[in-house]
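The following exercises concern one protein chain and are each followed by a worked solution. Please examine the sequence and the model before reading on.

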Amino acid sequence: YGTSAVLGTYVASLGDRYGHRRCVMTYGVVYSISCITMHSDSLQMLMAWAVAEATACGRREMLPQLFGAATFANAVAAVVAGLVGQVVVYTLTNERGSVDGAV
């Protein structure tokens, strides 16, 4: 959500500059490509890229710190998402509680 809030302003200005139809079509193509990559081992490709770049820059000693930070951030995001989900379930007791909470 934070990324959308920060980048939304800049992306909207791209639509004003290059045309909204062109930007919507570009979004569709990029989103389709991202959906296709979900069926591959993209995480392994990302890690291989990080290792290759760190090796090329001579900064291979930074890899444990990078992967440790990524693992920690993933765990924090999962815990926060679980807590927020639990609050939504407890506070919104109607049948559309999860939908209302997502908005």
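**Exercise 1: Burial and fold**

Of the 103 residues in the protein, 6% are buried (under 20% relative accessible area, with exposed over 50% and partly exposed in between; 1.4 Å probe, protein chains only). The model is predicted: local features need pLDDT of at least 70 and side-chain atom pairs pLDDT 80 or more, while totals for chains, interfaces and linings use all residues. Residues are numbered from 1 along each chain as its sequence is written, and side-chain values use heavy atoms, without hydrogens and water.

Task: State how many helices and strands the protein has.

Solution. Helices (H or I, at least four residues) and strands (E, at least two) are taken as DSSP runs, numbered from the N terminus. The count is five helices and zero strands. The order from the N terminus is α-α-α-α-α.

**Exercise 2: An aromatic pair**

Task: Classify the ring pair of Tyr 27 and Tyr 31.

Solution. Step 1: rings of Phe, Tyr and Trp (its six-membered ring) pair if their centres lie within 6.5 Å; planes under 30 degrees apart count as stacked, over 60 as edge-to-face and the rest as tilted. Step 2: the count under this rule is one aromatic pair. The ring centres of Tyr 27 and Tyr 31 are 5.8 Å apart and the planes lie at 25 degrees, so the pair is stacked. Step 3: both residues belong to helix α2, four residues apart, about one turn of the helix. Step 4: Tyr 27 counts as exposed at 55% relative accessibility, whereas Tyr 31, at 45%, is partly exposed.
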